[in-house]
Amino acid sequence: MGKAIVALCLLAGVAAFFLFDVNSYLSLDTIKTNRDRLLAYTGEHSLSAVLIFILLYIVQAALSLPGSGLFTLTGGFLFGTVAGALYANIGATGGATLAFLSARYLFHDWVEARWGRRLGAFQRGFAHNAFGYLISLRLMPIFPFFIINLLSGLTKARLGTFAAATSLGIIPGSLVYAYAGRQLGTINLLRDIASPGVLAAFTLLGLLALAPTVYRAISGKRNAAPS
């Protein structure tokens, strides 16, 4: 009964997003058109603006909805690079953690029952090196944010490890988008922010973060090999 209620709540949230065409409001043009009103509200009601921003970001990430890049960009535009990145980090990490918990609660037992034996070695390996793997996945832009949230919930990764790796791993991207938000008037498309050089740098960071995990795995195999 509990799983059915959680599933219905998630489906209702996603359905409402598309039914009320919320996605049409999540655009650079909308932010630019309402920039003066947004700045005025933030200036007069700074605390409520921060809380609303974080809450909306949590809902977006928890329901695996589009718009994370725009949210972070808007955070930088409204609150500044550092504060905007911080608030975006809190919202994204909170929403990702809820998505992780939802996937684990709804599907983990089913996955274990169906493929537990086949995935046993992978699950143990991921649980042992979860922090390194997750940091790398968060840094590399080739892996969608929401996919990592949902698939991680099906592994044996600990909640604290997932939340910490998520919070640390998204810092570079949050800072880049929040900084870009300060130059909102010069940006026409979100993909203008993520230049090939920026994407390559993030990928390199992800590979560097994965290096210690790979080294430990190779060293473990060498030590385990008979002399």
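Reader: At what angle do H3 and H4 pack, and how far apart are their axes?

Author: H3 and H4 pack at about 115 degrees, with axes 5 Å apart. Axes are lines fitted to C-alpha atoms, for helices over the stretch in contact, and angles run from 0 to 180 degrees between N-to-C directions. Helices are DSSP runs (H or I, at least four residues), numbered from the N terminus. This is a predicted model, in which local features need pLDDT of at least 70, side-chain atom pairs count only at pLDDT 80 or more, and totals for chains, interfaces and linings use all residues. Residues are numbered from 1 along each chain as its sequence is written, and side-chain values use heavy atoms, without hydrogens and water.

Reader: Which residues of H3 and H4 make that contact?

Author: Tyr41, Thr42 and Glu44 of H3 meet Ser46, Ser48, Ala49 and Ile52 of H4, where contact means heavy atoms within 4.5 Å.

Reader: Now H8 and H10: what is their packing angle?

Author: Helix H8 (residues 130–139) packs with H10 at about 35 degrees, the axes being 8 Å apart. The crossing of H8 and H10 is right-handed, that is, the near helix is turned clockwise from the far one by less than a right angle.

Reader: Which classes of residue are in the contact of H8 with H10?

Author: Nine are nonpolar, three polar and one charged. Ala, Val, Leu, Ile, Met, Phe, Trp, Tyr, Cys and Pro count as nonpolar, Asp, Glu, Lys and Arg as charged, and the others, Gly among them, as polar. The H8 side includes Phe131 and Arg138, and the H10 side includes Phe162 and Leu168.

Reader: And where do H6 and H10 stand, in angle and distance?

Author: Helix H6 (residues 81–115) and helix H10 (residues 159–169) cross at roughly 145 degrees, and their axes come within 9 Å. Among the contact residues are Phe100 of H6 and Phe162 of H10. That contact has six nonpolar, five polar and no charged residues.

Reader: Changing topic, how much space lies in the second largest pocket?

Author: About 680 Å³. A pocket is found on a 1 Å grid over the protein atoms alone, as an open set of points where a 1.4 Å probe fits, with protein on both sides within 12 Å along at least five of seven lines; lining residues have an atom within 4 Å of a point.

Reader: Which residues are closest to its centre?

Author: Of 27 lining residues, they are Ile31, Leu38, Ile52, Leu56 and Phe71. H4 gives the largest share of the lining, six residues. By class, the lining has 20 nonpolar, six polar and one charged residues.

Technical notes: Helix = DSSP H or I, 4+ residues; strand = E, 2+ residues; numbered from the N terminus. Points joined across faces, edges and corners; volume = space filled by probe spheres on them.
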